[in-house]
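Me: I have a two-chain model open and would like to talk it through. Could we begin with where the chains meet?

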Amino acid sequence: MYIALWRALPGPVWLRILLLVLLAAVLLTALVLWVFPLIDSLTVQPDVTVEE
Amino acid sequence: MSEPTTERPRALRRRARKRLNLVGIFGELFITAGVLILLFLGWQLWFNDIVFGNSQRNSAEELSTQWEQDFEQSDEPTEAAPGGAEADLGDPVVLGDVAENAKFANLIIPRLGSDYKRPVAEGVGNSVLNNANLGTGHYESSAMPGGMGNFALASHRTAYGGSFHNIHELIVGDSIFVETEDGWYKYIFRGLEYVKPSGVGVILPVPQQPGVEATERLITLTTCNPFLSSAERIIAYGVYDSWYPRAGGPPAEIAGVASAAAAR
């Protein structure tokens with residue numbers, strides 16, 4: 001899976017590594033901005049109130 | 001005899017590579033899923049917790065600044081009450097009803113951090129507790145700050161700013177301050193109690209005594225226990241000590257926290 005990604009990337013090794021780092025940064029940003037808050041809103045949090 | 005020996009290893013190798021690829025892809029998928037879950041937990045319990053904590057603190061500072069400005073624009077004299085802090089100021093001023101989800105007070109607990117200050121909003125729904133700018137909710141059925149009876153609050157132990165994360169570190173005699181537009185109310189921490197989630201007795205006017213009329217002014221903080229679990233509730237009680245009208249300035253113990261807002 002990842003080897004296919006590595007092969008699909010163009011250029012010499014340093015460029016591929018740079019592209020991978022950029023890709024990871026974009027992915028992480030998307031996760032933090034949209035995906036994680038969405039998952040968070042769908043999961044149940046420990047309840048902190050007392051109720052009947 | 002040489003033919004089968006050259007044929008077989010090649011075929012085996014080809015088959016082995018194919019099987020390895022399939023296993024490899026699944027393996028990589030699982031590793032990716034694991035990393036994503038760890039990232040999410042790190043985000044939820046650490047990164048987002050800090051982000052929420054900071055924005056809740058800033059929200060509380062905003063409120064303090066607003067009250068200071070409102071007070072300065074009013075005609076009331078900015079001087080210590082006659083006789084200084086020792087004077088008997090009588091019963092504290094108590095806020096009237098507040099709109100749901102509106103922030104109306106700040107909670108200041110020096111034991112939980114020298115700059116610990118969190119806004120308190122009306123209601124204990126998720127719109128308050130899971131809010132980046134609120135986080136701590138007031139049980140609507142309970143008294144207001146300084147009021148006769150029980151001023152009961154709820155907040156998260158972990159994540160969402162975790163306002164009550166270190167609530168178990170409170171020591172008997174610690175100060176718990178509540179700031180409103182009228183001034184500061186000082187409560188003294190009295191003790192902890194652990195109850196079941198259904199233990200609504202803790203937010204009664206006289207905790208654990210249904211039907212008894214209140215003769216004391218209390219504060220009650222409720223949150224979950226143990227960490228990351230809903231199995232129990234940890235309850236912190238405080239008893240009203242004194243109040244400081246806004247005209248006289250903040251109590252000396254929290255002057256640093258309070259003046260950070262006034263300085264802006």
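Reply: The contact between the chains takes 28 residues from chain B and 15 residues from chain A, where two residues are in contact if their C-beta atoms, placed from the backbone, lie within 7 Å. This is a predicted model, in which local features need pLDDT of at least 70 and side-chain atom pairs count only at pLDDT 80 or more, while totals for chains, interfaces and linings use all residues. Residues are numbered from 1 along each chain as its sequence is written, and chains are lettered from A and ligands numbered from 1 in the order in which they are written.

Me: Switching to chain A, what is it built from?

Reply: Chain A has two helices and zero strands. Its radius of gyration, taken over C-alpha atoms, is 19 Å, well over the 10 Å that the globule rule (2.2 Å times the number of residues to the power 0.38) gives for 52 residues, so chain A is more spread out than a compact globule.

Me: And what about helix α2 of chain A, where does it bend?

Reply: α2(A) bends by about 45 degrees at A:L31, the bend being the angle between axes fitted to the seven residues ending there and the seven starting there. The count of buried residues among its 30 residues is one, where buried means that 20 or more other C-beta atoms lie within 10 Å of a residue's own, exposed means 12 or fewer, and partly exposed is in between, with C-beta atoms placed from the backbone.

Me: How much of chain B is buried?

Reply: Buried residues make up 37% of the 264 residues in chain B, whereas for the 52 residues in chain A the figure is 8%. Chain B has three helices and eight strands.

Me: Which residues touch the most other members of the largest nonpolar core?

Reply: Of its 49 residues, those are B:L107, B:F177, B:Y185, B:I203, B:I219 and B:A236; a nonpolar core is a set of buried Ala, Val, Leu, Ile, Met, Phe, Trp, Tyr and Cys residues joined through C-beta atoms within 7 Å. The largest share of this core, six residues, comes from β8(B). Leaving aside its neighbours within four places in sequence, B:L107 is in contact with B:R118, B:V120, B:T136, B:L153 and B:V178.

Me: What about B:L228, is it buried or exposed?

Reply: B:L228 counts as exposed because it has 11 C-beta neighbours inside 10 Å, and its place is in the loop between β7 and β8 of chain B. Beyond four places in sequence, B:L228 is in contact with A:P46 and B:T158. The loop between β7 and β8 of chain B also holds B:P226, which a cis peptide bond joins to B:N225, with omega about -10 degrees.

Key
Helix = DSSP H or I, 4+ residues; strand = E, 2+ residues; numbered from the N terminus.
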